[in-house]
Amino acid sequence: MPEDHADDFQLVTRTGEDARAAYGIPLAVLAEVTHRCPLQCPYCSNPLAMEPASNELSTEDWLRVISELADLGVLQIHFSGGEPTARKDLGQMIARATDVGLYSNLITSAVMLSRDKLAALVDAGLCHVQISVQGAEAGLADRVGGYRGGHAKKIEAARWTRELDLPLTVNAVMHRQNLHQLPAIIDMAVEMGASRLEVANVQYYGWALKNRHALMPTPAQVEDCTAIVDAARVRLHGVMEIDYVIPDYYALRPKQCMGGWGRQFFNISPAGKVLPCHAAETITGLQFDTVRDRSLAWIWEHSEVLNAYRGTAWMPEPCRGCEWKEVDFGGCRCQAFALTGSAGNTDPACAKSPLHDRIFALAETEATEERNRFIYRNLSGGTEEAGPA
């Protein structure tokens, strides 16, 4: 451990048991090693202002951080981006994770993979691969991702993953323009050899909020999607596990976001900022501690941001008096900020929010307007519009 972090670590080891009793041990970390990505997905979860490659953590920084994760009690590291395979030192990071006993998962678009590159990551100790898909066939999938030939690369990378004997998760990000392909996507995931499928409806903050008009499903689509998932879970029991996330706008109760703010999970940005979730930078005004300045152990216990919405003491009514407050921990702070202007407000996904009915009505209106043109990121950081192929 670098000398400038040593005192921080000793301080926290003396008081760490109290913090763990109050908040638990962070079980998993999302390591966003870069924001670079060849895709231009209209629901991209990266910040509106992405980190340039020149400001990314160095190899040495990431290797130190990975060792600190193990010392902190973390069990899993999920390498993500952007596209994590854009980093030439990804194999070194995975090898360090293996050396310190972390389970490693690669969350990838797969379009930059080759079989040799994936085999090298397996040799470094990679435990699992998660591939995102945008549709069941190339025409729609490539339009959504903004990358010609991307769908074929994903199918090929899935085959390599299984040939190399790694477990595979398929992450299908669903929205109004691809929900009609859900039955085919489920069949495709089985054919790809996936042991797990995430049917994840888009959540609306960051770039997805800019494209809500083109992505929001209709209530009828959500009902059909739920019925399709329920039937597939029965049919594929013992073959493939299916996780299902509906759009928050159509929920009556907010989701337990990341197991509660700063309780079981954190995210490390390409520049080393420690975030309670991958979208937290959408909440303006928060000052995030970085691994360049502090040890992870110090940040986990003392960070003002991580402590801002931990537990239940921060909650306003009706959350403060709600019987579910220690189940959902108030829902999503990023969504509260995006839709109400304050991260401390009740998540509008909750039926107890005074804004819930208005938000639902807005979503239903947008879903039926048939505005299908996406606003894409372009390479200079601006936008361009494109309609269906």
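This is a predicted model: local features need pLDDT of at least 70, side-chain atom pairs count only at pLDDT 80 or more; totals for chains, interfaces and linings use all residues.
User: Where do I start? How many helices and strands does the chain have?

Analyst: Count 15 helices and 11 strands. Along its principal axes, the C-alpha trace spans about 55 × 55 × 45 Å.

User: What does the radius of gyration say about the chain?

Analyst: Compare it with the value for a compact globule. For 389 residues that value would be near 21 Å, and the chain has 21 Å, so the two agree. Buried residues make up 55% of the chain.

User: How many salt bridges does the structure hold?

Analyst: Start with the general idea. Side chains of opposite charge can pair when their charged atoms come close. Here, the chain has 36 positive and 49 negative side chains. The structure holds 18 salt bridges.

User: Which residue forms a salt bridge with Arg-253?

Analyst: Asp-328 does, with the closest N and O atoms 3.2 Å apart. The pair links distant parts of the chain, 75 residues apart. Arg-253 sits in the loop between strands E7 and E8, while Asp-328 belongs to helix H13.

User: Are Arg-253 and Asp-328 buried or partly exposed?

Analyst: Buried means under 20% relative accessible area. Asp-328 has 8%, so Asp-328 counts as buried. Arg-253 has 28% and counts as partly exposed.

User: What about the pair Lys-273 and Glu-281?

Analyst: Their side chains meet in a salt bridge at 3.0 Å, N to O. Lys-273 is partly exposed at 24%. Glu-281 is partly exposed at 21%.

User: Which residues are linked in a network of salt bridges?

Analyst: Look at Arg-36, Glu-56, Arg-87 and Asp-89; salt bridges link them in a network.

Key:
Residues are numbered from 1 along each chain as its sequence is written. Side-chain values use heavy atoms; hydrogens and water are left out. Helices (H or I, at least four residues) and strands (E, at least two) are DSSP runs, numbered from the N terminus. The radius of gyration is taken over C-alpha atoms; the globule rule is 2.2 Å times the number of residues to the power 0.38. Buried means under 20% relative accessible area, exposed over 50%, partly exposed in between (1.4 Å probe, protein chains only). Lys and Arg count as positive and Asp and Glu as negative; His and the chain ends are not counted. The place of a charge is taken as NZ of Lys, CZ of Arg, CG of Asp or CD of Glu. A salt bridge is a side-chain nitrogen of Lys or Arg within 4 Å of a carboxyl oxygen of Asp or Glu.
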